[in-house]
Amino acid sequence: MHERLYTEFPEIYDAIQSEWDYDRDVTFIDRHLEDHCGEGGKLLEIGCGTGEHTCRLADMGYRVTALDKYEGMLALAREKCEADFRHATLPDIDLTNTYDAVIMIRGVVNHLSPDALEPSLRAIESHLAEGGILIFDNSPLPPNGNHPAMDIGTTDQGEYARIAHHVAIDGGRLEWRSVTFTSDGECFVNSREMTPFTDDELRDALQHVGFEVTTYDGFGPGDERTVFVALASSSRQERSIDT
Ligand SMILES: C[S@@+](CC[C@H](N)C(=O)[O-])C[C@H]1O[C@@H](n2cnc3c(N)ncnc32)[C@H](O)[C@@H]1O
């Protein structure tokens, strides 16, 4: 694996995602949190990346703790707003608080291996307050891979060009491979293993861990992801008192 997009070139990640409708995603989340916490509620975001959802939710009045596996992504996120950004990798999260909701947006779950799925859901469940909810999406990845495609975009430094595609590998997984040419003459290769989970696989794993699951067709119009809203078991006691 060569994860240089997330570690060294987060500003190119932001440029690639510049057309993304982050407002639509947080509107959905805000609507579903109404019955659980509302403004001022405690959210744990996992896989926050460069913080686009985090900062919008913080602006709306939520108290957000936002985790990511890569310091490169977190460094750019910290430049955008004042949320509590922390370096941590699912399933190895061990925070002292519980949260009203956990969110994982934009295929974060697809970065997990099949073996890590259930331990990750258990780790999340242990960080939810009684009756808390988990909201995440399943990206519609091509299970058999796809053809290379090119995109050209602009960062503050200038134009970049990237060619990327998914290749099917062992274990029902995909390797996402890309080559990017930056404006300052650099060229970098990125490769990352991803899992094209079916919705049924995710639903079964959630139910096995004890969540009640509802699914939605996307965060809003034009969104092809399946969104999972999963209610934690109400029988568990609080993990700790917030300080
Ligand atoms: C496609 S990006 C989404 C970022 C952000 N949520 C957004 O919508 O722009 C996936 C993010 O998940 C993070 N990530 C991947 N696996 C992770 C793990 N096991 N634990 C924590 N973060 C992870 C990556 O570092 C990356 O920032």
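How many residues of the shell around the ligand are nonpolar, how many polar and how many charged? The close-ups below start there, and keep in mind that this is a predicted model.

**View 1. The shell around the ligand.** Sorted by class, this shell holds nine nonpolar, seven polar and four charged residues. Of the 20 residues around the ligand, the ones that come nearest are Gly47, Gly49, Lys69, Arg106 and His111. Helix H4 (52-59) and strand S2 (63-68) are the elements that give two or more residues to the shell.

**View 2. Helix H6 against helix H7.** Here H6 (residues 114-126) packs with H7 (residues 199-209) at an angle of about 50°, and their axes are 10 Å apart. The crossing of the pair is right-handed. On the H6 side, Leu117, Glu118, Leu121, Arg122 and Glu125 make the contact, while H7 brings Ala205, Leu206, His208 and Val209. By class, that contact splits into five nonpolar, one polar and three charged residues.

**View 3. The seven-stranded sheet.** This open sheet has mixed pairing and runs in the order S3-S2-S1-S4-S5-S11-S10. Strands S3 (84-87) and S10 (212-217) sit at the edges with a single partner strand each, so one side of each has no neighbour in the sheet. On average, neighbouring strands are turned by 20° against each other, direction ignored.

**View 4. S5, S11 and the helix packed on the sheet.** Strands S5 (residues 128-138) and S11 (residues 226-231) run antiparallel and are joined by six bridges. In S11, leucine 231 is the bridge partner of isoleucine 133. Helix H3 (residues 22-33) packs on the sheet and touches S4 (99-104), S5 and S11, with its direction at about 155° to that of S5.

Notes
Residues are numbered from 1 along each chain as its sequence is written. This is a predicted model: local features need pLDDT of at least 70, side-chain atom pairs count only at pLDDT 80 or more; totals for chains, interfaces and linings use all residues. A residue is near a molecule or strand if its C-beta atom, placed from the backbone, lies within 6 Å of it. Helices (H or I, at least four residues) and strands (E, at least two) are DSSP runs, numbered from the N terminus. Ala, Val, Leu, Ile, Met, Phe, Trp, Tyr, Cys and Pro count as nonpolar, Asp, Glu, Lys and Arg as charged, and the others, Gly among them, as polar. Axes are lines fitted to C-alpha atoms, for helices over the stretch in contact, and angles run from 0 to 180 degrees between N-to-C directions. A crossing is left-handed if the near helix is turned anticlockwise from the far one by less than a right angle, and right-handed if clockwise. Two residues are in contact if their C-beta atoms, placed from the backbone, lie within 7 Å. Two strands pair if DSSP finds at least two bridges between them.
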